[in-house]
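I opened this notebook to keep track of what I looked up in one structure. The entries follow the order in which I went through it.

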Amino acid sequence: MGTGKVGLAGPAFPALGLGCNALTGEYGPADKTAISTTVRRALDLGVRMIDMAGAHRPGDLERAVGKAIRGSRVLIATRGGLRFGAAGEPAGADGRPGALARACDASLRRLAVDAIDIFYLAGIDPRVPVEESVGGLGQLVDAGKIRYIGLSQASAEELRRAHAERPVAALALEYSLLERGAEAAELPTARALGVTAVASRPLARGLLTGRISSVDHLHVDDVRRDDRRFQPENLEHIGHRLLAAQQLAAEKHVSLGRLALAWLLAQPGVVPVPSTRDPLHLEMDAAAVKVRLTAEERDRLEAIFPTGSGSGAARRRDDDLTPGR
Ligand SMILES: NC(=O)c1ccc[n+]([C@@H]2O[C@H](COP(=O)([O-])OP(=O)(O)OC[C@H]3O[C@@H](n4cnc5c(N)ncnc54)[C@H](OP(=O)(O)O)[C@@H]3O)[C@@H](O)[C@H]2O)c1
């Protein structure tokens, strides 16, 4: 596997992580045992970074991941700093230092670890200057509760301001062949500051596998039914691009998803974190590290998916902080 690094000073690790969204039931029912079996299998396959959030099914995910990783050397990345609505659903960012400290303590308890490797600010709270939120995270570093500070969905300017307050090691941003908007400002800023870019939704929530051509393919409880990426006009808009990329995938004897992950792995300073609840898909994704792309193949893919060819959904940063998205 190629290597990623946590910021400038952190440890190096294999550059493909595991996201956990698909294990939470967001994308249709996931077997109760899927979290532990998937995490353990990922570790067997050489994955050394698990990316999650404390808000999922009030902590079930962190509890299960905490059990599955016990005794293993793996980087744990989780998020905190959300407000919740009456039914316990995420209802926006809460970047107040006190709220972040409470979220961190709750994650530490659920994961049953002494310290969290990367603790992300789940979102940028418009009511709290980012310096104040990051100052709060800095206190958690000083207290030994977290090792590195992460930001999620921050703009380049917010990243710069935050980094000037306390070193930020990781920036989680949506980045995939279908959502390349971060290349304009956030990615170059992260690279210039030595901040690792953690590519969220690296398969564009499954679209880049080429297996979802209709919203009807999604389970009735799948939150993607409300995502504009999966609406007929967008599916029609990207269909010919997916076919063109599938052609290249076929020439290379790999799946489209693996090709899309290999493209991300070829970007300097980028760590993709695909999620899956399917053991076979996990193996296919992990094998992306073995796919080598020539400069010509990368150019070809980038011409198929020029910036702006996706739905633009990645630019709507509140999507992750509101119910059902
Ligand atoms: N604000 C933030 O910081 C933020 C926001 C969103 C996401 N994230 C991170 O990004 C991670 C990944 O995001 P995501 O799960 O939304 O999107 P994703 O990884 O782009 O796509 C996941 C979907 O792709 C499917 N899939 C994966 N591998 C496949 C394969 N080989 N063949 C066919 N289908 C495959 C999965 O279905 P199967 O289960 O059927 O395989 C799942 O439905 C999250 O877990 C989280 O860690 C962070």
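**Entry 1: Asp51**

I began with the neighbours of Asp51. Leaving out residues up to four places away in sequence, Asp51 touches Leu18, Gly19, Cys20, Ala77, Arg79, Tyr120, Val198 and Val273; contact here means heavy atoms within 4.5 Å. I noted that the model is predicted, that local features need pLDDT of at least 70 and side-chain atom pairs pLDDT 80 or more, and that totals for chains, interfaces and linings use all residues. Residues are numbered from 1 along each chain as its sequence is written, and side-chain values use heavy atoms, with hydrogens and water left out.

I then placed Asp51 in strand E4, residues 49–51. Helices (H or I, at least four residues) and strands (E, at least two) are DSSP runs, numbered from the N terminus. Is Asp51 buried or exposed? Asp51 counts as buried because its relative accessibility is 7%. The classes are buried under 20% relative accessible area, exposed over 50% and partly exposed in between, with a 1.4 Å probe and protein chains only. The side chains of Asp51 and Tyr120 make a polar contact of 3.4 Å. A polar contact is a pair of N or O atoms within 3.5 Å; within protein, one must be able to donate a hydrogen and the other to accept it, and residues adjacent in sequence count only if both atoms are side-chain atoms.

**Entry 2: the ligand**

I went on to the ligand. Which residues come nearest to the ligand? Of the 30 residues around it, these are Tyr27, Asp51, Ser275, Thr276 and His281; a residue is near if one of its heavy atoms lies within 4 Å. Helix H9 (residues 279–286) gives the most to this shell, with three residues.

A polar side-chain atom of Ser275 is 2.5 Å from one, a polar backbone atom of Arg277 is 2.8 Å from one, and a backbone N or O atom of Arg205 is 3.0 Å from one. The ligand on its own has 910 Å² of accessible area, and the protein covers 93% of that. These areas come from the Shrake-Rupley method with a 1.4 Å probe; for residues, only the protein chains shown count as cover.

Arg205 sits in the loop between E11 and H7 and has a positive phi near 60°, in a residue other than glycine. Arg205 counts as buried, at 5% relative accessibility.

**Entry 3: the sheet**

I traced the strand order next. Eight strands form an open sheet, E3-E4-E5-E8-E9-E10-E11-E12, with parallel pairing. Strands E3 (18–19) and E12 (270–272) are at the edges with a single partner strand each, so one side of each has no neighbour in the sheet. Two strands pair if DSSP finds at least two bridges between them.

I looked at two of the pairs. E9 and E10 are parallel over three bridges, and Leu151 has Leu171 in E10 as its bridge partner. Strand E11 (residues 196–200) and E12 are also joined in the parallel sense over three bridges, with Ala197 opposite Val270.

Why is strand E10 (residues 170–174) largely enclosed by the rest of the structure? Five of its five residues are buried, so the strand is largely enclosed. Ala170, Ala172 and Glu174 are on one side of E10, with Leu171 and Leu173 on the other.

I noted two residues in the loop between E9 and H5. Gln153 lies there with a positive phi near 55°, and at 16% relative accessibility Gln153 counts as buried. Ser155 is in the loop between strand E9 (146–152) and helix H5 (156–165) and is partly exposed, at 23%.

**Entry 4: helix H10**

I finished with helix H10 (residues 295–304), whose buried residues are Glu297, Leu301 and Ile304. These residues lie on the same side of H10 because they cover an arc of only 60° around the axis; the arc is that of the directions from the helix axis to the C-beta atoms. Glu296, Asp299 and Ala303 are exposed on the other side of H10. The cover over the buried residues of H10 includes helix H7 (232–251) and helix H8 (256–265).
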